[in-house]
Amino acid sequence: MTPIDLRSDTVTRPTRAMREAMASAEVGDDVYGEDPTVRQLEERVAALLGMERALFVSSGTMGNQLAILLHTRPGDEVIVGEGAHSANFESGAGAALGGVQFAVAGSGGLFGAEALEAAIRPEAYYLPRSRLVMLENTHNRAGGRIFPQVQVREVADAARRRGLLLHLDGARLWNAAAATGLEPAELARPFDTVNVCFSKGLGAPVGSALAGPAPLILEARRLRKMLGGGMRQAGILAAGALHALTHHRERLTDDHRAARDFASVVASAAGARVDEAAVETNIVNVVLETASASAVIEAARERGVLVSSIAPRALRAVTHLDVSLDEVRAGAERLADAIQAVSAR
């Protein structure tokens, strides 16, 4: 039995049409700036985000870390929300590569202007310098929560008043746009730089893009090379991302609908708690009342469904284009059965 894989939306595989687009892509040497498919992707992303330029990079981690390198100096502090990907899931790159440390604003991932103000360091020679604010939209750890745009603008205004720069980790910005009906450019407007991914909800096999003003992106190209990110005939990968942008954005609402159905089923299981109102996009967090996450994951695997843990007593499930609505519902029923079985031991 092929398991229903809900560990992440990164597990998707290219569709037949995407593979064909990649196989027929026109390519050149992108380190020389001569790959036409990469250039087409970068121009399209810049236009979608309302930015001057964009740079194709290998991963969201690289995009975020390039932004840190662009906006900060070693010893600076970057303000993020609780559970931010850039501070927790990028292998310590902020410290190792950029020499920065992180401060957390608010709780739960999303925060407002007041929480930002509380996190900004006073000016003193013996303190780290608050320099960059990084928002994550949607917020992965919080369960795919959407950062309300009114709140984003308030945070951005407060940051500008205090002389801080702004970067948007928009790995799943396409999901936020699909859920809110706002254009990606509107969601990106308050920021100096924006990172978006193609290998999550859009289903491309590889890649992200960092967008911003032309001078910054020119410098980011140099830094990308420094980090080993020059990918030569990268048009093969860019073609997958272009196909995803064209054909997979509108269907993201299908994943959101499936996530709500999944949450509804799992919430009825004895021993599980799901905040159904917080399921805004394609991620569902499940809190276990007594069972351990590791035990439930193993029991779920035996039943043919794969999920991941985010805490000793919490699980995450992510819907995506490789699982149908019927498969999501079946996965939810199997997970609910696993939770109840382990909880009853």
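Guide: Let's begin with Asp-5, which counts as buried because its relative accessibility is 15%, and the cut-off for buried is under 20%. Keep in mind as we go that this is a predicted model. Asp-5 has a charged partner, Arg-7, and the two form a salt bridge whose closest N and O atoms are 2.6 Å apart. Arg-7 has a relative accessibility of 35%, so it counts as partly exposed. In this pair, then, the Asp-5 end is buried, while the Arg-7 end is partly exposed. The general idea is simple: side chains of opposite charge can pair when their charged atoms come close.

How many salt bridges does the structure hold? The count comes to 18.

Now for a pair that reaches across the chain. Glu-42 and Arg-221 make a salt bridge too, and here the closest N and O atoms are 3.9 Å apart. Arg-221, with a relative accessible area of 21%, is partly exposed.

Stay with helix H10 for a moment, as Glu-219 and Arg-222 both lie in it, three residues apart, which is about one turn of the helix. They form a salt bridge as well, with the closest N and O atoms 2.8 Å apart. Glu-219 counts as partly exposed at 31% relative accessibility, and Arg-222 is partly exposed too, at 46%. Some salt bridges also share partners, and that joins Arg-153, Glu-186 and Arg-189 into one network.

To see some of the surroundings, look at strand S5 (residues 129-136). S5 is mostly covered, with six of its eight residues buried. Strand S3 (residues 76-81) runs parallel to S5, and five bridges join the two; these are strand bridges, and one of the pairings puts Asp-76 with Arg-129 of S5. Strand S6 (residues 165-170) also runs parallel to S5, again joined by five bridges. There, Leu-135 stands opposite Leu-168 in S6. To get from S5 to S6, the chain passes through helix H7 (residues 149-161), making a right-handed β-α-β crossover.

Terms used:
Residues are numbered from 1 along each chain as its sequence is written. This is a predicted model: local features need pLDDT of at least 70, side-chain atom pairs count only at pLDDT 80 or more; totals for chains, interfaces and linings use all residues. Side-chain values use heavy atoms; hydrogens and water are left out. A salt bridge is a side-chain nitrogen of Lys or Arg within 4 Å of a carboxyl oxygen of Asp or Glu. Buried means under 20% relative accessible area, exposed over 50%, partly exposed in between (1.4 Å probe, protein chains only). Helices (H or I, at least four residues) and strands (E, at least two) are DSSP runs, numbered from the N terminus. Two strands pair if DSSP finds at least two bridges between them. A crossover is right-handed if, with the strands pointing away from the viewer, the path from the first strand over the helix to the second runs clockwise.
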